[in-house]
Amino acid sequence: CQRCLALIRSTQFLNAYITVAEDSALKQAEESEKRYRRGQPLGELDGIPIAVKDNFNTAGIETTCASNMLKGYISPYNATVVQKLLDRGAVLLGKTNLDEFAMGSGSTDGVFGPVRNPWSYSRQYKEKFVPRSDSEPENSNWVITGGSSGGSAAAVSAFTCFAALGSDTGGSTRNPAAHCGVVGLKPTYGLISRHGLIPLVNSMDVPGILTRCVDDAAVVLGSLAGHDPKDSTTVQDIFQPFALPSLTDVSKLSIGIPKEYHVPGLSSEILAVWSKAADLFKNAGAKVVEVSLPHTHYSIVCYHVLCTAEVASNMARFDGLEYGHRSDMNKSTESMYAATRREGFNDVVRGRILSGNYFLLKQNYEDYFVKAQKVRRLIANDFVKVFGSGIDILLTPTTLSDAVPYMEFIKEDNRTRSTQDDILTQAANMAGLPAVNVPTALSRRGLPIGLQFIGRSFQEKQLLTVAKWFEKQVQFPVIQLEEVKKHDSSVLQHQKSASFS
């Protein structure tokens with residue numbers, strides 16, 4: 001725990017954490033050590049330092065959603081997933097940075113500033129980096145983490161914690177996992193409780209797990225999964241935690257390659273890595289089949305209609321009356337509402353609320369919301385048909401390219417970026433299927449490339465077993481971060497860095 005806290009200090013410039021709970025973390029670590037000495041640990045996670053995305057409620061620790069609306073808000077209770085981790089002895093180091101209210105794909109839009117990808121400071125990237133001009137300052141070439149769980153992905157990637165929780169609505173755990181070279185698991189919808197996760201899209205949100213290897217993801221999943229009486233959408237069946245077997249024979253496996261995932265904008269590098277991975281399975285004896293998910297083409301548009309409609313509904317609770325920010329405007333209740341929401345939400349959140357309310361207007365409801373729900377069913381049925389035809393696992397890219405430099409990323413607006421960056425991931429959320437990003441190779445620029453495996457509903461064990469076999473074959477390199485401690489953290493003076501409470 002002390003080593004992780006020291007690393008959090010020396011990597012403050014990454015801006016991965018919003019709040020660091022140093023005192024309580026050390027207290028938890030001491031308690032864990034006493035249990036360990038007595039030979040009575042609470043389980044596999046006892047004493048393991050973890051971090052949690054700042055949109056999960058944590059009793060006694062600020063929960064901000066990286067927004068002005070919730071700055072200073074301290075929840076009276078823990079999210080179910082946080083409580084389960086603490087009950088098993090995990091050590092909570094702090095809360096990680098994100099896009100405001102988890103709306104974004106770069107972790108660049110929160111009020112505490114953007115998260116920097118640890119790979120920007122790796123030897124692998126620095127050896128390959130060529131400045132575009134002599135005048136380009138060295139500290140402007142850092143790349144984004146992806147989003148919206150970028151803080152959690154960066155925290156795991158930089159060794160400041162051993163596992164982190166993210167949330168995944170349209171790819172928000174898998175996307176930053178791909179860019180930061182870590183494993184990002186989005187479990188089946190309903191397998192893990194959403195109670196205490198500040199909602200974005202209730203029908204798609206899933207708590208995500210970020211770790212450095214597939215085995216660790218399975219261990220964390222075992223601690224979190226199962227029915228929660230506080231979340232009616234959780235599965236009723238008893239969940240049996242599992243240890244992943246070491247797969248030696250993949251000849252009985254049938255791997256599907258969806259042709260619709262060969263989308264415009266997919267970089268030639270990612271395409272080559274994807275093909276190579278398919279060949280890897282083929283050469284090992286697995287059956288590799290091209291499959292079709294015909295409604296994929298409509299999924300991103302459908303996702304944005306449903307996403308903004310649910311956002312509009314969920315954000316109505318932030319009105320300045322019960323909790324969170326309240327404006328000083330006191331002419332009337334309506335003016336106070338309007339001013340509170342203008343001051344508390346950034347342009348991205350306000351834009352999604354406006355779009356969602358437009359789609360939900362009486363005259364538009366049938367044309368947009370109802371139609372999108374019908375298309376969502378068609379998308380889910382595509383997956384049912386493919387898995388029904390004997391396919392075990394789908395293999396797809398996770399992102400269109402490796403991580404882009406921050407200065408390049410912010411040239412486009414949030415909505416355009418999200419449309420591009422969620423294109424390969426959000427269909428799994430709409431169908432409620434489990435999916436995992438596995439770091440696969442380094443790009444020509446020395447940055448991570450990940451591939452996505454999508455499994456059948458509630459078949460996490462099979463999905464992760466295949467992912468573990470693949471992980472072993474590709475032997476993704478460890479990030480070499482020798483330069484991190486030397487980096488001048490003064491470059492972030494204009495931003496709020498992690499606060500040590």
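Residues are numbered from 1 along each chain as its sequence is written. Because the model is predicted, local features need pLDDT of at least 70 and side-chain atom pairs count only at pLDDT 80 or more, while totals for chains, interfaces and linings use all residues; side-chain values use heavy atoms, with hydrogens and water left out.

For "domain: Amidase", an unreviewed UniProt entry lists residues 9-123 and 139-464; such annotations may be inferred rather than shown by experiment, and their positions follow the numbering used here, with feature names shortened. Residues 9-123 are 24% helix and 13% strand, and the end C-alpha atoms of this span lie 20 Å apart. Helices (H or I, at least four residues) and strands (E, at least two) are DSSP runs, numbered from the N terminus.

Let's start with helix α5, residues 150-157. Eight of its eight residues are buried, where buried means under 20% relative accessible area with a 1.4 Å probe, protein chains only. These residues pack against several elements, including β1 (17-20), β4 (163-168) and α6 (174-180); contact means heavy atoms within 4.5 Å.

Among the buried residues of α16 are E460, L463 and W469. The partners of its buried residues include β5, α7 (214-224) and β11 (448-454).

| Helix | Residue just after | Phi |
|---|---|---|
| α5 | F159 | about 65° |
| α16 | Q475 | about 50° |

T188 is in the loop between β5 (183-186) and β6. With a relative accessible area of 1%, T188 is buried. Leaving aside residues up to four places away in sequence, T188 touches V206, G432, L433, P434, S457, F458 and E460.

Finally, the largest pocket holds about 450 Å³ of space. A pocket is an open set of points on a 1 Å grid over the protein atoms alone, where a 1.4 Å probe fits, with protein on both sides within 12 Å along at least five of seven lines; lining residues have an atom within 4 Å of a point. Its volume is the space filled by probe spheres set on the points. The lining has 18 residues, with C1, Q2, A29, E33 and G47 nearest the centre. α2 gives the most, with six residues.

Key:
Buried means under 20% relative accessible area, exposed over 50%, partly exposed in between (1.4 Å probe, protein chains only).
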